[in-house]
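Hello,

Here is the structure we talked about. Please open it alongside this note; my findings follow below.

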There are 2 protein chains.
Amino acid sequence: MASRKDVAKLAGVSPAAVSYYVNKNGYVSEKTGKKIQQAIDELNYTPNLIARSLKIKDTKQLLFLCNDIRNPFYSQLVHRATKSAALHGYTCMFSPVVNDPDYINRILSYQVSGVFASNNKMDVNQINKIAKSNVPVVLLRDLDWDDLDKKVTLLKVDFSTIMKEIVEHLVDEGCSDIHYVSSSTLNNLDAKSTSFIKAMGNKSYSVIENVSATKDAHEIISDMYFNKEMFPDAFVCTNDGVALGCIRAIKDKGLRVPEDVKVVGFDNTNISQFSSPKISTVDIDSDEIGEIAVSKLLDKINNKEVHDKLIEPKLIIRESSKK
Amino acid sequence: MASRKDVAKLAGVSPAAVSYYVNKNGYVSEKTGKKIQQAIDELNYTPNLIARSLKIKDTKQLLFLCNDIRNPFYSQLVHRATKSAALHGYTCMFSPVVNDPDYINRILSYQVSGVFASNNKMDVNQINKIAKSNVPVVLLRDLDWDDLDKKVTLLKVDFSTIMKEIVEHLVDEGCSDIHYVSSSTLNNLDAKSTSFIKAMGNKSYSVIENVSATKDAHEIISDMYFNKEMFPDAFVCTNDGVALGCIRAIKDKGLRVPEDVKVVGFDNTNISQFSSPKISTVDIDSDEIGEIAVSKLLDKINNKEVHDKLIEPKLIIRESSKK
DNA sequence: CTGAAAGCGCTTACAG
DNA sequence: CTGAAAGCGCTTACAG
């Protein structure tokens, strides 16, 4: 590949002039500029961004740490973030979180300009370690962490209000025994789950742990509730995919949704809008979060003052939870 | 951030020794190694991968160019590729294809070690340009391109056989008028569409253009077939999401699937497995493609001989297309 | 407006 | 086994 030096030689100018021209700093005469452009075209020169990054100490890359890009919530978020970042000359990368003590170090090795994190696999120390290395961090999270580094900007999702709404809605529809299908485990419940439990108060409930994919939901629900009589009045599910698997399991047993069992999902994905029955769900605007994440990250990179933000989910009632 | 120099100073050795130690080239005595490790721990040193990339002229990054990461086919593919690449110390990035003449140059600027491309927005010249810069390219594609650079490795999907199977199946089920819902446009039909048309022979058919998302499918089908009598015997849809929107539109008009109208999708996503009715679809193993893409890319990077590969999709018949 | 020069953090032949 | 030194391709203060 042609380098800046080759271009300079061909154009008969110094390598510095090429840099100036490429970066449009203005210190190049029109005549010199033309010669340089000709040489660039002829050699098909593209600046080496790695070398530039090393020099300017900014890679212009934003890293998105998500549980699973296959979850439509995250793929939508990353999609939007990518577009939004591109407008400012930044590139987004994503990575699933690996369970490896060296993982954070590896991230830091890449010298990314900023990190967005949203997952339940990293603990507060890992997040803090990134922040302490002076890499801007935006964290999407439900629960507070007391010992979170002050430099981290928090996008906080208000699950307790929305869970109260869901429970109220289901009670209005006549439900008294409601089960929650959680993606977290019982000894490390996530905020959705604990908000659910709180919202249920002294009503009868149950929490099923460790379900995050459609297929798992179908299998686990089918196994646990192996005959009709065992089903509760309603399921609240950690995401729409799980709700879909859950509905399938209910139907397989000869029960009807919503007549016999009601179901509510989360994330307002296509699945919930277009399945039969249409699934009641909670809209958490992943497009908005993707945009906010990028804009806050860029503000932090540019040393502007940045504040935490509360995200308010919205309950969308569809066929699966009302008569 | 601490650099190799800082570590060297603290450990009382030369910067070179730190490099040797970190890269485990073996030329460091145990005693020196211990001192270096201590200094690394104390300073929380992580090597700067950007600097290393510049020197060794390999970024160990693989770029995935896809239409839309929100399409489950691609998110699954990239997910698997990311995991697979990580095993060999490579990182995957993805990017949607932007309609910008400079786009290829920007890609080359990143100095990625390899490119996987699968999309209908790039033409053969753009692909060739990447290949000509000696960046290994693996291309997932349906149709042949005569003038494709020989250096590009092709993963070719055999749509004509599978389309014949679909049409045969629907004819067996009594269909004679079948419509295809395409994501491409009529004046630039993709291979799925042309294979469909070929498979239909002289039977009555129609192609609906430019539909790729669930929502669009629902709206467009609802508008075009504004009363019951206009519906054909069956729809074949470019992906499962579109099939889902299509089914919804059919039901909205008071028709039944599969009794009145049959529907077949593509990609065998969760949507098709768990919706009601379960959707007949075509399985194109995105996990397998993700793995193959990475392994072929790595082979090319390591100058091994690499051959093209034919991918054989499989028809999966479910409720939406049989009585 | 233009160029010589230092330096970003690393790797690696080479000499000791 | 260890270190001094060149060089990867760039940016940018500085001097002219």
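How many residues of chain A are in contact with chain B? The model is predicted, and in it 38 residues of chain A are in contact with 38 residues of chain B.

Several elements build this side of chain A. α4 (49–56), α5 (72–86), β2 (91–96), α6 (103–109), α10 (214–224), α11 (240–252) and α12 (270–274) each supply at least two residues. The most comes from α5(A), which gives six residues. By class, the side of chain A that touches chain B has 16 nonpolar, 19 polar and three charged residues.

Now a helix pair inside chain A. The axes of α1 (residues 4–11) and α3 (residues 30–43) of chain A come within 8 Å and cross at roughly 125°. That angle makes α1(A) oblique to α3(A). The crossing is right-handed.

Who makes the contact? From α1(A) come A:Asp6, A:Val7, A:Leu10 and A:Ala11. From α3(A) come A:Lys35, A:Ile36, A:Gln38, A:Ala39, A:Ile40, A:Glu42 and A:Leu43. By class, this contact has seven nonpolar, one polar and three charged residues.

Best wishes

Terms used. Residues are numbered from 1 along each chain as its sequence is written. Chains are lettered from A and ligands numbered from 1 in the order in which they are written. This is a predicted model: local features need pLDDT of at least 70, side-chain atom pairs count only at pLDDT 80 or more; totals for chains, interfaces and linings use all residues. Axes are lines fitted to C-alpha atoms, for helices over the stretch in contact, and angles run from 0 to 180 degrees between N-to-C directions. Helices (H or I, at least four residues) and strands (E, at least two) are DSSP runs, numbered from the N terminus. Angles under 35 degrees count as roughly parallel, over 145 as roughly antiparallel, 65 to 115 as roughly perpendicular and the rest as oblique. A crossing is left-handed if the near helix is turned anticlockwise from the far one by less than a right angle, and right-handed if clockwise. Two residues are in contact if their C-beta atoms, placed from the backbone, lie within 7 Å. Ala, Val, Leu, Ile, Met, Phe, Trp, Tyr, Cys and Pro count as nonpolar, Asp, Glu, Lys and Arg as charged, and the others, Gly among them, as polar.
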